[in-house]
Amino acid sequence: MTRIPSKAEILAWISEHPTKAAKRDIAKAFGIKGAARIDLKRLLKELEEEGKLTKRRSSYRDAEDLPPVAVLEVVGADADGDLFARPLEWKGEGAEPRILMMLRSSDPALGAGDRILGRLTVDQTEDHSHTARMIRRIGTNPQRILGVFRAGSEGGRVLPIDKGADKQWTVAAGATGGAKDGELVEAEQAGPKGRMGLPKARIVARLGDPTEPRAVSLIAIHQHGIPDHFPDDVVAEADAAKPAGLKGRKDLRDLPLVTIDPWDARDHDDACFVEPDPDPKNAGGFIIWVAIADVAHYVTPGSELDREARKRGNSTYFPDRVVPMLPDRLSGDLCSLHEGVERACLAVAMRVDMAGNKIDHAFHRGLMKSVASLNYEEVQAAVDGQPNDKTAPLMDDIITPLYDAYAALTKARAQRQPLELDLPERQIVLDDNGKVTSVQYKERLDAHRLIEEFMVLANVAAAETLVAKKSPLLFRVHEEPSPEKLEALREVATASGLVLAKGQVLKTAHLNKLLKGAAGTENDELINMATLRSMTQAYYFPENFGHFGLALRAYAHFTSPIRRYADLIVHRALIKAHGWGDDGLSAWDMEHLTDTAKQISDTERRSMTAERDTTDRYLAAFLSDRIGAELTGRISGIAKFGVFVKLDETGADGMIPIRTLGREYFHYDAETQTLMGSDTGVVIGLGQRVTVKLAEAAPVTGGLIVELLTLEDRIMPKGPSRGRGKPPRRKVGSARKKAAKTARKVKRTRK
């Protein structure tokens, strides 16, 4: 009979093995099999109820990882205005806890860098692990800001460039660091904050003219702490690297692989080739080859290159520059699959049938030679009947088979039904001086979709191989929407006259049906935006929770190791699992897999934020000479302090401050994402068409302020409102009745 461990033994084991605390790990450690797993599940549940364990996704950890009272550092507020903190001394394993501050009206205002003594409560949710009540403030670290220096008679002031920052900082005469009036500077808090007056600062770095077009991305790089210079020892390692030879590799040089990338791509990390499957059992099927640059050969575990790549996590892309994960010697040369040059690669040959279903696959560590470097536009033009001198000789043997295999994969995609959002992406076009000349829609070609389908298939093959070989890896995880976000989407759908049924296991097919129902109607963009908002953010994790958006059970990033560290980890895992060399996944890699997942998920979000901020600044600069112009758009967000409008022409987001909405109070309803006028009953909600006047455009901060002129063709009253105050006394029904009533008002307003 299987012996069931005591609660004390379970707690002791989890404490000693914090990174292996899934239920299956615990069962394996104590030799628990079969029906005895039910007793283990009961014990774990009891420990949860007793508060001795907390469950995080599918693993357990000691609830005492953080004490009930701890010193916390405030890290700032999110887009909804919620304030978060981090424990100042975190000694636990894995990701650092994220703590939501529960402030009382009597608590002092807190900002990033403030330190407090807080009382903690475990509260595992999607975006935080604990909540905290402030006991007292205990001091701050020197806070830093990026801003524009304005010289004065006795020093000067720093005007922050962050859209969310409204306080200026004073700078004493001896603390200017030689900064000149109008220069972009980094400033550090000087001395404790006083009860009255502006905070004091000292200039610690001068960054030049903030109005220069090329300064836009520099601001984001500096503001978000993105490393943009490689240390000398990292560059030295890259410069010392030599091209890989054939030894220990499969010779793929006769395989006519081609790269297909944007016309201005500097690096080429993936190549592909398709041939008919000669197996008569797979008549009409294909063998799809995808070859990826063998970055792991050059960036080995524990090297200076490896440490710097892990620190950066990924490359960051701006309209005028790229901050790469790897030095140019690798990213633009040795790891780039240039035409006619021998390059080391990891390749996968995938057999698919005529319906696009993958039958099997095999990975190889090889040496290849690309026969052509092509761009999307010329490949698409060739298929559409306009080949050029480069693509014409490749049509029959290379390009046509690529599209034939893609046509098969689209059949399998239609069966799988990944999420089909239709949100056109805009592209900022710059001139040679970095000034915005236009904002255009990015054209989506079948050539783009072809490469995406091939890459998805290769990523699936990598995940499946490593799972089958029981190898550690980093999965790309995308969990399904939370019940709260799904209910919010359902309310938007109902208000638009559409249905998202309850009482069923949510699948992407259900969301696609909703999106299809909205296609071509006035609510098309609204439903697409609301569906996107309902999605959770994808992340990296050593455990597999599936990829909801792609409708895949297991997914890993394998195809872009030049620009993503996650892909490099997957390459190392494949190398180790196949016994291809000693540069595979190291013991340190495996031991710190959870920490690496947290690190690179964070750097990915950092890059996304920096890229978005840069786009905002470029768009503000583009619109700065159109103050007073009337623009059309659609409401894209509702907050307590105002309304966000996505402008049709540029895709820029302008804000309508709530104080300018009209001569009445506006009541904010977080559940339905609406504002309702207390006197007129007018309802402002997501997706409504508006006409606005551009009031302010600040290129340094990226902020756009607009004035509401018409709402769904209704002319709005001018003049300052009474803002968001107490509503007139009225009888309030249940939350359900209130939400339904508001939804009906939104619908009537649109009519």
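Student: Which residues form one aromatic cluster here?
Tutor: Tyr 539, Phe 541 and Phe 545 do. Before we go on, note that this is a predicted model, where local features need pLDDT of at least 70 and side-chain atom pairs count only at pLDDT 80 or more, while totals for chains, interfaces and linings use all residues. Residues are numbered from 1 along each chain as its sequence is written, and side-chain values use heavy atoms, with hydrogens and water left out.

Student: Thanks! How many aromatic pairs does the structure hold?
Tutor: It holds four aromatic pairs. Rings of Phe, Tyr and Trp (its six-membered ring) pair if their centres lie within 6.5 Å; planes under 30 degrees apart count as stacked, over 60 as edge-to-face and the rest as tilted.

Student: Why is the pair of Tyr 539 and Phe 541 called edge-to-face?
Tutor: Because their planes stand at 75 degrees, with the ring centres 6.1 Å apart.

Student: And are those two buried or exposed?
Tutor: Both Tyr 539 and Phe 541 are buried. Buried means under 20% relative accessible area, exposed means over 50%, and partly exposed is in between (1.4 Å probe, protein chains only).

Student: What about the rings of Phe 641 and Phe 644?
Tutor: Their centres are 6.0 Å apart and their planes are at 90 degrees, so this pair is edge-to-face. Phe 641 is partly exposed at 42% relative accessibility, and Phe 644 is partly exposed too, with a relative accessible area of 28%.

Student: New topic: how many salt bridges does the structure hold?
Tutor: There are 39 salt bridges. The term stands for a side-chain nitrogen of Lys or Arg within 4 Å of a carboxyl oxygen of Asp or Glu.

Student: Which residue does Arg 307 meet in a salt bridge?
Tutor: Arg 307 meets Glu 304, at 2.7 Å from N to O. The two are three residues apart in helix H6 (residues 304–312), so about one helical turn separates them. Helices (H or I, at least four residues) and strands (E, at least two) are DSSP runs, numbered from the N terminus.

Student: How exposed are they?
Tutor: Arg 307 is partly exposed, with a relative accessible area of 46%, and Glu 304 is partly exposed at 25%.

Student: What do Glu 308 and Arg 312 do?
Tutor: Their side chains form a salt bridge of 2.8 Å, N to O. They sit four residues apart in helix H6, again about one helical turn. Here Glu 308 is buried, with a relative accessible area of 6%, and Arg 312 is buried at 3%.

Student: Where do Glu 425 and Lys 442 lie?
Tutor: Glu 425 is in the loop between helix H9 (395–416) and strand S22 (426–430), and Lys 442 is in the loop between strand S23 (436–441) and helix H10 (446–468), so the pair ties together parts 17 residues apart in sequence. Their salt bridge spans 3.3 Å, N to O. Glu 425 is partly exposed at 47% relative accessible area, and Lys 442 is partly exposed at 37%.

Student: Which residues do salt bridges that share partners join into one network?
Tutor: Arg 249, Asp 294, Arg 365 and Asp 583 are joined that way.
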